[in-house]
Amino acid sequence: MTPLPHQDLDHVLDYTAELWSDLRGRHLLVTGGTGFFGRWLVETFLWAEKRLSLQAHMTVLTRNPEHFLATAPHLAHAPALRLIQGDICTFPKLPDDASLLIHGAATVGATTDPPGNLDTWNTLVHGTQHLLELARAHRVSNMLFISSGAIYGKQPPDMAQLSETFTGAPDLTTDMSAYGEGKRAGEMLCALYASAFGLPIKIARCFAFVGPHLPLDGKFAVGNFIRDAMAGGPIRITGDGASIRSYLHAADLSIWLWTIFLRGQTLRPYNVGSAHALTILEVAEGVARAFMPPPEVRVAQIERSEVARSIYVPDVTRAQAELGLQETITFRDAIARTIQWLKSK
């Protein structure tokens with residue numbers, strides 16, 4: 001796998017430079033370090049560690065260290081990185097000197113496979129409680145729980161953005177809600193352990209993103225559109241293109257996660273994402289314009305005015321006002337950077 005672009009790594013470092021002193025000489029354990037979010041956290045950490053001589057170390061828990069290193073050979077000999085094999089639900093203890101923890105282990109989103117949704121629930125709930133038990137016993141000094149905007153359930157059609165105070169929830173009558181409800185249960189567990197044992201736990205509710213390492217396998221609309229365009233088109237929209245989404249570049253995602261981890265308030269959730277809403281048709285057209293000539297965009301269905309369109313856009317006022325976080329990479333630039341990286345693979 002191609003390393004992340006130096007442009008993106010330097011961008012993250014530019015916006016987080018004052019944070020890294022908190023990690024000097026420290027040992028950080030990361031779960032979920034081999035996924036989309038995790039790869040960005042690993043590489044931005046190693047970049048900062050090297051550039052700033054932090055003398056810090058990161059341990060990544062993974063079920064298959066060999067596979068991870070095979071897909072990221074440029075990290076195989078990083079002196080500040082250690083991989084340990086284990087399952088989030090059963091691994092026995094934290095490394096002795098690990099005092100910091102980022103918990104991002106999770107399967108991504110809903111699936112049409114019921115056993116897969118049960119596995120999602122087990123990972124999110126039982127895995128999180130097991131990790132919290134280890135963190136309590138180990139007395140970690142700081143922890144980040146990477147949650148999801150899916151905890152809010154379906155966004156009301158008359159609500160332009162979801163704020164952290166919205167009290168909606170996933171539909172409990174369908175197994176497709178296992179991911180969102182599992183993340184909600186994870187947050188509840190964090191609240192219980194923070195209250196009972198004083199664990200300092202920060203919460204980031206993540207929405208939709210684009211950037212290097214985003215899977216192009218059908219779960220993410222923008223990834224599908226980039227895949228279609230790189231194959232020469234057409235870009236296919238399976239619905240009517242009226243659904244509304246927003247996308248934050250993964251470099252900004254990294255800036256936000258590190259800032260919430262190191263500067264956020266305990267048990268005060270922060271939405272993470274872009275507040276700039278786009279229809280799915282506009283997303284597809286934005287991807288098409290990144291190619292020359294632009295591939296055709298095909299919409300499978302005619303928009304039906306009587307059907308409420310799906311919306312998934314965060315209100316990020318809290319993160320902006322309290323932590324000074326901003327979207328620094330435009331959607332157009334985010335698409336261009338992602339495509340450039342994919343072409344370099």
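Predicted model: local features only at pLDDT ≥ 70, side-chain atom pairs only at ≥ 80, totals over all residues.

Mentor: Residues are numbered from 1 along each chain as its sequence is written, and side-chain values use heavy atoms, with hydrogens and water left out.

Trainee: How many residues of helix α7 are buried?

Mentor: Helices (H or I, at least four residues) and strands (E, at least two) are DSSP runs, numbered from the N terminus. Helix α7 covers residues 250–263, and its 19 Å from first to last C-alpha is close to the expected 20 Å, the expected span being 1.5 Å times one less than the number of residues. Buried means under 20% relative accessible area, exposed over 50% and partly exposed in between, with a 1.4 Å probe and protein chains only. By that rule α7 is mostly covered, and the number of its 14 residues that are buried is 13.

Trainee: Which helix gives the largest share of the lining of the largest cavity?

Mentor: A cavity is a set of points, on a 1 Å grid over the protein atoms alone, where a 1.4 Å probe fits but cannot get out; lining residues have an atom within 4 Å of a point. The largest cavity has a volume of about 30 Å³, a volume being the space filled by probe spheres set on the points, which are joined across faces, edges and corners. Its lining includes R39, F68 and H213. Three of the lining residues, the largest share, come from helix α2.

Trainee: Which residue forms a salt bridge with R136?

Mentor: A salt bridge is a side-chain nitrogen of Lys or Arg within 4 Å of a carboxyl oxygen of Asp or Glu. An α-helix has 3.6 residues a turn, so residues three or four places apart point the same way. With an N to O distance of 2.9 Å, the partner is E133.

Trainee: Is E181 buried or partly exposed?

Mentor: E181 meets R184 in a salt bridge of 3.2 Å, N to O, and both lie in helix α5. R184 counts as partly exposed, at 31% relative accessibility. The relative accessible area of E181 is 18%, so E181 is buried.

Trainee: Which residues are linked with D8 in a network of salt bridges?

Mentor: Side chains of opposite charge can pair when their charged atoms come close. The count for the model comes to 11 salt bridges. In the network, D8 is linked with D333 and R337.

Trainee: What is the phi of L267?

Mentor: L267 is found in the loop between α7 and β11. Its relative accessible area is 32%, so L267 is partly exposed. Although L267 is not a glycine, its phi is positive, at about 55 degrees.

Terms used. 1 Å grid on protein atoms, 1.4 Å probe; cavity = no way out; pocket = protein on both sides within 12 Å on 5 of 7 lines; lining within 4 Å.
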